[in-house]
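Reader: I would like to learn how to read helix packing and strand pairing in a model of this kind. Could we go through the features one at a time?

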Amino acid sequence: MVRRIGDRADGRLLRSLSPMHRVEPFIMVERNDATNHIKGKVEISEVEKYIKQKREEGYKGFGLMHFVIASYVRTISQRPAVNRIISGQRIYARHNIEMNMDIKKEMTLEAPNTCIKVVFDPKDTAADVYNKLKTAIDREKGGGLDSDFDNLAAALIRMPRIIFKFGVWCLKTLDYFGLLPKALLSVSPFHGSFFYTSMGSLGIPPVIHHLYNFGNIPVFIATGPKLTEYEIDSKGSVVKKKYMEYIIVTDDRITDGFYYASALKIFSGNFRHPERLDVPPETVYEDID
């Protein structure tokens, strides 16, 4: 892809947006000025069968987290506008799909956190997502506190406070004008397609997590633990069903509510038909010019 004037290292400028969309970043300047919170739950009976099948096929530890991420990657492939980013009050289409996620080295109170960044392809299947995620997690958990971002953060905090503060201002200014080096973008946990956190592994409900004003991540997905509910079916019988709650925080400026709703239907539809994620999508849609 040829980079044109106005494009960034991580996205291409969208030049044919409506005037309303182009004005919104100047009215709602900060990302947290423009957040929408989407709360819902999906029935996961079919997904649980699918997870069991995947584990039997040799995908050790394949779980709900892998499925949720794979489902959202597939959603982006069909509704690419949810993968837009806003920087310097301009709207861009991201070049790729980048997920950021905090992980703990060990499940203890004292264990340090680190952030991993995983790059996905729109054609990725659930198996592809599993393999890429497993590689990234194993790499970070296998060593000390030595992720790329950890090393960068460690270097920054050694500076005197006033110099550090000035350095952050410089980074924000460079980012505004799309001049941040690609090497920095590739390790920054504040730049990407979406941030994901699983509260289910902690046994607590999904959190309504803010977006970051620094960087350009437009979506934050949080999922909770499995829930068991008893319902009355069409025959009047009591049936047991399992659900997963989720909360998605979005940057309202990148697209409209109708488009978000369409994307959400694709996302939740994958939970009813998880086998869709075993094969690449028939068509990968590109964002507008």
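Reader: At what angle do H3 and helix H4 pack, and how far apart are their axes?

Author: Please keep in mind throughout that this is a predicted model. H3 and helix H4 (residues 126–141) pack at an angle of about 120 degrees, and their axes lie 9 Å apart; the crossing of H3 and H4 is right-handed. On the H3 side the contact is made by Met65, His66, Ile69 and Ala70, and on the H4 side by Ala126, Val129, Tyr130, Leu133 and Ile137. Sorted by class, the contact of H3 with H4 comprises eight nonpolar residues, one polar residue and no charged ones.

Reader: How many residues of H3 are buried?

Author: Taking buried to mean under 20% relative accessible area, 14 of the 15 residues of H3 are buried, and the helix is thus described as mostly covered. Helix H3 covers residues 64–78 and reaches 21 Å from its first C-alpha to its last, which is close to the 21 Å expected at 1.5 Å a residue.

Reader: Turning to the strands, which way do the side chains of strand E3 point?

Author: In a regular strand the side chains alternate between the two faces of the sheet. In strand E3 (residues 84–87), Arg84 and Ile86 point one way while Ile85 and Ser87 point the other way, and all of them are buried.

Reader: What does E3 form with E4, and how many residues are between them?

Author: E3 and E4 form a hairpin with two residues between them, and glycine 88 in the turn has a positive phi of about 60 degrees. The two strands, E3 and strand E4 (residues 90–94), run antiparallel and are joined by four bridges, with isoleucine 86 standing opposite isoleucine 91 in E4.

Reader: What is the order of the strands in the open sheet of six strands?

Author: Strands of a sheet pair through backbone hydrogen bonds, either parallel or antiparallel. Here the order is E2-E9-E8-E7-E5-E6, and the pairing is mixed. The edge strands, each pairing on one side only, are strand E2 (35–43) and strand E6 (113–120). On average, neighbouring strands of this sheet are turned by 30 degrees against each other, direction ignored.

Methods:
Residues are numbered from 1 along each chain as its sequence is written. This is a predicted model: local features need pLDDT of at least 70, side-chain atom pairs count only at pLDDT 80 or more; totals for chains, interfaces and linings use all residues. Side-chain values use heavy atoms; hydrogens and water are left out. The expected span of a helix is 1.5 Å times one less than its number of residues. Buried means under 20% relative accessible area, exposed over 50%, partly exposed in between (1.4 Å probe, protein chains only). Two strands pair if DSSP finds at least two bridges between them. Axes are lines fitted to C-alpha atoms, for helices over the stretch in contact, and angles run from 0 to 180 degrees between N-to-C directions. A crossing is left-handed if the near helix is turned anticlockwise from the far one by less than a right angle, and right-handed if clockwise. Contact means heavy atoms within 4.5 Å. Ala, Val, Leu, Ile, Met, Phe, Trp, Tyr, Cys and Pro count as nonpolar, Asp, Glu, Lys and Arg as charged, and the others, Gly among them, as polar.
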